[in-house]
Amino acid sequence: MTTTETSPEELEAQIGAYAERLFGTGLAAFEATIIALGRQLGLYPALAERGPSTAAELAEATAIDPRYAREWLEQQAVAGWIDVAGDAGEDPEHRRYALSPAGQECLLRPESLASVGPLFDFVAAVGPILPAVADAFRTGGGVPYADYGIHDAQGDFNRPVFVNLLTTEWLPALPGFAERLASAAPPAVVEIGCGEGWAAIAIATAWPNVRVDAYDLDDASIAAARQHATDAGVSDRVRFEVADVTNPDAFPADAYDLVLAFEMIHDLARPQQALATMRRMGTADAAYLVVDERVAEQFEAPTENPIERLFYAASVLHCLPVGMADKPSAGTGTVMRPDTLRRYATDAGFTDLDVLPIEHDLFRLYRLVA
Ligand SMILES: C[S@@+](CC[C@H](N)C(=O)[O-])C[C@H]1O[C@@H](n2cnc3c(N)ncnc32)[C@H](O)[C@@H]1O
């Protein structure tokens, strides 16, 4: 093996590039936190509703202090997240600010596929939980999902794909299911780890004869899911229950024709048991769909793929500590590669899995073969 000496000039350039990248990352973290602050205070919807506003007007509309409103507006405008309406040189007290149509779509439309706002609600959750995560790193323990207080953010983050893609692209990719779900005697559907219920609600909304049973361990998620179902007018056909899906014997056998798990298997301490629950619940010709992160098939570092980086960041700060909170734990983390899921599925009694031909930046769809 030959080693090449790094010249002082090369080293200086490398240090400069490294420092620049670190600086950009730190700046992004600061700015992300300020977007989270704006969301918590309701500043974006107020700006959108009011139209071009001064700091005093925004402060009055949102019941915050005008001096703070001015600082937030100036920071957001400097960072390019809101626009100065009119002359930027105007006296700061009279300067007006507006949220562009693009900003409104990304930050204020919860069902839009461009909705990125919930990411900042996760950012806000990181600060308070960091000591517990650090403790888990030291002890090998974990941090329970409920301690993060992110069930709304989690629900909001995936809601657009459930509303827009689940019933139009994803479930129709299971052969025959679009017709069966639309029929007068549709398949019985069950979902495990349903969170705030947006997937089950989307299914019941799309197909008026379908009934869905959905389970989650988190009380706050189930309470929110029931409310969302009532608001959507489908509470008579969607049943949400608190249950631990890693206990197969607690669930009925041969009861469902379509068995679903969305972005939850990697979070579990005992993923094989959850998959065994799915297998148990399915009828003889049931279809089993697991949707999980579209992580790279193999470790690759460094990567410029922002999605892979997002998955690793989520894993370090959230999914791995959550999965390690319950013992014994498989310690999966967000980056559950296809081979890992295949192993879990065969451990649980499935014979194989196929990846469905659905393109999506964040998610890969697996059909488990019983
Ligand atoms: C990442 S969230 C996904 C929620 C929802 N499927 C979605 O896509 O928004 C993972 C969910 O799995 C649930 N969960 C974790 N362990 C569970 C268990 N043992 N039994 C039932 N649900 C569980 C959590 O409470 C959480 O709601």
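Modeller: The side chains of Glu 93 and Arg 70 form a salt bridge, 3.2 Å from N to O. A salt bridge here means a side-chain nitrogen of Lys or Arg within 4 Å of a carboxyl oxygen of Asp or Glu. The pair links distant parts of the chain, 23 residues apart. Glu 93 is in the loop between strand 1 (83-85) and strand 2 (96-98), while Arg 70 is in helix 4 (residues 66-79). Helices (H or I, at least four residues) and strands (E, at least two) are DSSP runs, numbered from the N terminus.

Colleague: What sort of model is it, and how are residues numbered?

Modeller: This is a predicted model: local features need pLDDT of at least 70, side-chain atom pairs count only at pLDDT 80 or more, and totals for chains, interfaces and linings use all residues. Residues are numbered from 1 along each chain as its sequence is written, and side-chain values use heavy atoms, with hydrogens and water left out.

Colleague: Back to Glu 93. How exposed is Glu 93?

Modeller: Glu 93 is partly exposed, at 42% relative accessible area. The cut-offs are these: buried is under 20% relative accessible area, exposed is over 50%, and partly exposed is in between (1.4 Å probe, protein chains only).

Colleague: Which residues are linked with Glu 93 in a network?

Modeller: Arg 70, Glu 74 and Arg 95 join Glu 93 in a network of salt bridges.

Colleague: How many salt bridges in the whole structure?

Modeller: A search of the whole structure finds 17.

Colleague: Show me another. What does Arg 342 form a salt bridge with?

Modeller: Asp 339 is one partner, with the closest N and O atoms 3.3 Å apart. Arg 342 and Asp 339 both lie in helix 14 (residues 338-347), three residues apart, about one turn of the helix. Asp 352 also forms a salt bridge with Arg 342, with the closest N and O atoms 3.2 Å apart. That pair links distant parts of the chain: Asp 352 is in strand 8 (residues 352-355) and Arg 342 in helix 14, ten residues apart.

Colleague: Are those side chains buried or exposed?

Modeller: Arg 342 is partly exposed at 31%. Asp 352 is partly exposed at 32%. Asp 339 is exposed, at 57%.

Colleague: Which sense do strand 4 and strand 5 use?

Modeller: Strand 4 (residues 212-216) and strand 5 pair in the parallel sense, over five bridges. Asp 216 has Val 242 in strand 5 as its bridge partner.

Colleague: What about strand 9?

Modeller: Strand 7 (residues 282-293) and strand 9 pair antiparallel over six bridges. Val 290 has Tyr 366 in strand 9 as its bridge partner. Strand 8 and strand 9 also run antiparallel, joined by four bridges. There, Asp 354 has Arg 367 in strand 9 as its bridge partner. Strand 9 (residues 363-369) is mostly covered, with five of its seven residues buried.

Colleague: OK, helices. Which residues of helix 3 are buried?

Modeller: In helix 3 (residues 55-62), the buried residues are Ala 55, Leu 58, Ala 59 and Thr 62. They cover an arc of only 100° around the axis, so they sit on the same side of helix 3. The arc is that of the directions from the helix axis to the C-beta atoms.

Colleague: What do the buried residues of helix 3 pack against?

Modeller: They pack against helix 2 (43-50) and helix 4. Contact means heavy atoms within 4.5 Å.

Colleague: Last one. Where is Arg 237?

Modeller: Arg 237 is in the loop between helix 11 (219-232) and strand 5. Arg 237 is buried yet has no salt bridge. The nearest side chain of opposite charge is Asp 236, 4.4 Å away. For charges, Lys and Arg count as positive and Asp and Glu as negative; His and the chain ends are not counted.

Terms used
Two strands pair if DSSP finds at least two bridges between them.
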